[in-house]
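Here is a friendly note to read alongside the model. Take a moment to look it over, then work through the points.

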Amino acid sequence: MRSASLLNFLACHYAVDMIAFSEPHLPAGLVRRLHVIDLPRHARHTLARAARNAGRLARRVPPLMDRFAGFGDQIAAATRGQRYELAVIEHFWCAPYWEQAAAVSDATILDLHNIESILHARCALTERGAQALSHRVFQHICRDLEEKWLPRFTYLLAPSASDAVLLRTISPGSDVLIYPNSIPLVAAPPRREEDLIVFSGNLEYHPNISAVLYFRSEIWPQLRERWPGLRWRLVGRNPQAVARIASGDPRIEFSGPVDNAITELARAKVAIVPLLAGSGTRVKIIEAWAAGVPVVSTSLGAEGLPGRAGEHLLVADGPAAFGDSVSSLLANPALRDGIGRAGRYLFECEFTWETAWKNLHFLYPATIGRSDALRD
């Protein structure tokens, strides 16, 4: 969604050529040229992943940087003979393609959804044994690579002010600009509440797996006993990644991928964000705000977002406090309605594409490369 927001903004002001690692679903006419690089398929079972990551540790290459490496010649061929005002690279793991992008562009931007060294450091704290050690090693590898690649870009885009501070620590000389995560403006969906709490996201993403495990083992048992009719629904793709964690409980449900996350979330009384690891800001909270659903989050889950605890969401750390916060909303329809409405208002004010695009004034063609544009 973040990449789509930035692409749609650029398409309003430039003729855009796009290089993608899988066939994207784009509206007709959004880009001038599309070049698709097909990633080779990888086995996704646990043993295959463990073997790949062991090799990456030995070679000191972060997993996703390794996954997307080796396509420099194809990128150079796709851009040969062109000259661009601007090149945008999505995600840090594609940062090494700066060399191909800079060769044909007047300015380069790296859009950072996460800070990878911070993400691995936090994941290490939620794991044990070999996995914790792996994340710790990848943390230091990523930090070295961030110090190598970040200074080369004309601009870095960060999803929040707190991320911008961290990036300036890693790369003090970089122009770091804030571009918040956002989603398209949608009408507030009908709130036909079911006796339901919801967690959403890509369920294969490591911080989401650890969040599901934490909630299932430490918080859900008390809620399940206190609210006999309550169900917990997990919404999003790759449900097989957490199926074993949720097995054996008929009151835990999976929706799988959904066409409209906002409508699906609006069926729940509470959206939960029990994250213990992560970086950037959580689109799952923005989507819940758009749906008018009250949110209970850990402090880390709400990091970087301007929502005020007790007004736009409830923030709780520790199993007992988190469960009590969920229960307070389940027991009080007026409180649910008030926090849900406040979240919806915050979404409309700060987290639609049109609002986020105001942060990109420096990308208007007449201002690219002008340092005074950054100070306006």
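1. Which strands does helix α1 lie across? Helix α1 (residues 2-13) lies across β3, β4 (108-111) and β5, and runs at about 170° to β3. Helices (H or I, at least four residues) and strands (E, at least two) are DSSP runs, numbered from the N terminus. Angles run from 0 to 180 degrees between N-to-C directions, with axes fitted to C-alpha atoms, for helices over the stretch in contact.

2. A word on the model: it is predicted, so local features need pLDDT of at least 70 and side-chain atom pairs pLDDT 80 or more, while totals for chains, interfaces and linings use all residues. Residues are numbered from 1 along each chain, and side-chain values use heavy atoms, leaving out hydrogens and water.

3. Now the sheet: four strands form an open sheet in the order β3-β4-β5-β6, with parallel pairing. Strands pair if DSSP finds at least two bridges between them. β3 (87-90) and β6 (176-178) stand at the edges with a single partner strand each, so one side of each has no neighbour in the sheet. Three bridges join β5 (residues 155-158) and β6, and A158 stands opposite I178 in β6.

4. Helix α8 (residues 161-170) lies across β5 and β6, at about 175° to β6.

5. Finally, W232: leaving aside residues up to four places away in sequence, W232 touches (heavy atoms within 4.5 Å) several residues, including I197, F199, V212 and F215.
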